[in-house]
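Have the structure open as you read.

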Amino acid sequence: MKIGKLALTAVALGLITTACGLSGGGGDAGGDTAMAGSCRVAKENVGPGPLKGEVKGEITFQTTSLKNEFAEVFDPIIADFQREHPGVTVKWVDDPGDSEFTPRLLANAAACTLPDVVNLNEPTAIALAKAGYLLDLDTKVPDAGKQFVPSMWSRTTFGGTSHTAMPWYGGFNVLAVNTDLMKAAGLDPANPPKDVFELFDAADKIAKVSGGKYHASVANPTERLKTDWQSLGVKFFGPDGKTLAFAADPIALKWVTRMAELYKAGALAKDTLSAEPTELSNRFAAGKLVFGDRNASFLRYVKDNAPTLYPKLGVSTAVEAKAFDVWEGQYISVSSTSKNAMAAAAFATFVTNAQSQLRFVKHPKVAIFPSAADALKDPFFTSQTGSDPLSVARRLGAEQAQSDPVATEEAIATRKAENAVWGAAVMKAVAAEVQLAMQGKKTPEQALKDAEKKANELVAAGG
């Protein structure tokens, strides 16, 4: 099961720049076909008006690293759907979700072989939507968003003005802390950090006490950079709304400066400046870090890999508590190149409905949250009263989702623009400059200026 972010590579970016987008024109002499990306498709898949016709035919449903462990969940879901729609056959396949995930799917899309219904992470959804390979749900499936938590649906627009992905499952923001290490550092586990800078202040205190025996977190800024900036309200763009101009934002400068100070002080493990994302999990489980991943699924990892540490975990939603900003999820999209788009759209809606999602989220091997509003009203979430970390996380996550307001149109537009440009290539370029500032090789001001320049070059090249 993959919830993390997967990289966009040069191959992926190349495919984006060469794709043709969506077009209702370019059909054959009979006018029955149109273009989706670089593929000729049925005209009904693009252009105005909802999908019409019978729900029938064979479709392929691709998940990401789920089939080996969760056949007992999805086989019955598929069987139930096929009973409701006897004219449909669903072929379930699985992708390992490795580092080549995004370029592999973009290559499949360019070859017109993208699965009909596909499980995506956010970077891949952005890339495929930008290239024109995902069905415009607002136009083609107008009621698609009705079953989801409104705040989640409102932010699920990637690379365009319409929804091209349905939110599926993910981990709401819950901060896991090692309470023993917090106490050892003179911090109160009952009062965890309330925002990013409070977390940084706590990290500074930890460094002064620990003597290098343990740290606040890993040093690599890549995984946290965008989320931190968005939660802090960093302005990514200049007045034109298109050109990245974050170097002028005082909050961004404060963030880079604090990261550099923490790294110099030893508050962030110095040998992890370029560490893989798994390093945080490994070190936390080994009792070497105070703060864990800000995702409920992390709790399951600790329970499975550090059972003596698990009961000592503290869990809160104190840091960046808005689901709109921080929900890290998986998505379901329908390929705009599907030969049986009606069946694909029907199955995508079925696999993301409350009943189907509850089958998955209740499985003992996962610690995830659904996106369907009615699923979060289930007693499995609302009646959690225990002090077990996962029970606390489920209760807090459900409360967080239900109370999270629908984002304003301005906020949606801002976040959409940010997500559309902030792919892995931009992330890597900005993080590399932050790392130079952390090493003292550049001032924070210069690192931000250089990061902004490189990011804009990448955006222009991929536009």
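About how many helical turns separate Glu-261 and Arg-258 in helix H10? They are 3 residues apart in H10, and are therefore separated by about one helical turn.

This is a predicted model, in which local features need pLDDT of at least 70, side-chain atom pairs count only at pLDDT 80 or more, and totals for chains, interfaces and linings use all residues. Residues are numbered from 1 along each chain as its sequence is written, and side-chain values use heavy atoms, with hydrogens and water left out.

**Overall picture**

- The protein has 20 helices and 13 strands; these are DSSP runs numbered from the N terminus, with helices being H or I of at least four residues and strands being E of at least two.
- Of the 463 residues, 57% are buried, where buried means under 20% relative accessible area, exposed over 50%, and partly exposed in between, with a 1.4 Å probe and protein chains only.
- Taking contacts between residues at least 6 apart in sequence, 73% join residues at least 24 apart; contact here means heavy atoms within 4.5 Å.

- A helix pair is described by the angle between the two axes and the distance between them.
- The axes of H8 and H10 lie 10 Å apart, at an angle of about 15 degrees (axes are lines fitted to C-alpha atoms, for helices over the stretch in contact, and angles run from 0 to 180 degrees between N-to-C directions).
- That angle makes H8 roughly parallel to H10; angles under 35 degrees count as roughly parallel, over 145 as roughly antiparallel, 65 to 115 as roughly perpendicular, and the rest as oblique.
- H8 passes H10 in a left-handed crossing, meaning that the near helix is turned anticlockwise from the far one by less than a right angle, while clockwise would be right-handed.
- On the H8 side the contact is made by Val-196, Phe-197, Phe-200, Asp-201, Ala-203, Asp-204 and Ala-207, and on the H10 side by Ile-251, Lys-254, Trp-255, Arg-258, Met-259, Leu-262 and Ala-265.
- The residues of this H8 and H10 contact divide into 10 nonpolar, no polar and 4 charged (Ala, Val, Leu, Ile, Met, Phe, Trp, Tyr, Cys and Pro count as nonpolar, Asp, Glu, Lys and Arg as charged, and the others, Gly among them, as polar).
- H8 also packs with H9 (residues 222-232), at an angle of about 120 degrees and with the axes 10 Å apart.
- H8 and H9 are therefore oblique to each other.
- Val-196, Phe-197, Leu-199 and Phe-200 of H8 make that contact with Arg-224, Asp-228, Ser-231 and Leu-232 of H9.

**Salt bridges**

- The structure holds 21 salt bridges, each being a side-chain nitrogen of Lys or Arg within 4 Å of a carboxyl oxygen of Asp or Glu.
- Asp-201 and Arg-258 form one of them, at 3.1 Å from N to O.
- This pair links distant parts of the chain, with Asp-201 in H8 (residues 196-210) and Arg-258 in H10 (residues 250-265), 57 residues apart.
- Arg-258 has 13% relative accessibility and so counts as buried, whereas Asp-201, at 40%, counts as partly exposed.
- Arg-258 also forms a salt bridge with Glu-261, the closest N and O atoms being 3.0 Å apart.
- Glu-261 counts as partly exposed because its relative accessibility is 41%.
- Lys-146 and Asp-143 form another salt bridge, with their closest N and O atoms 3.3 Å apart, and both residues are exposed.

**Helices H19 and H20**

- H19 (residues 424-438) and H20 (residues 444-462) have axes that come within 9 Å and cross at roughly 165 degrees.
- H19 and H20 are therefore roughly antiparallel to each other.
- H19 passes H20 in a right-handed crossing.
- The contact of H19 with H20 has 11 nonpolar, no polar and 3 charged residues.

**Two buried places**

- In H14 (residues 341-351), 9 of the 11 residues are buried, including Met-342, Phe-347, Phe-350 and Val-351.
- His-363 sits in the loop between helix H15 (354-361) and strand E13 (369-370), and is buried with a relative accessible area of 8%.
- Leaving out residues up to four places away in sequence, His-363 touches Glu-69, Phe-70, Glu-72 and Val-73.
- His-363 and Glu-72 are 291 residues apart in sequence and 9.5 Å apart in space, C-alpha to C-alpha.
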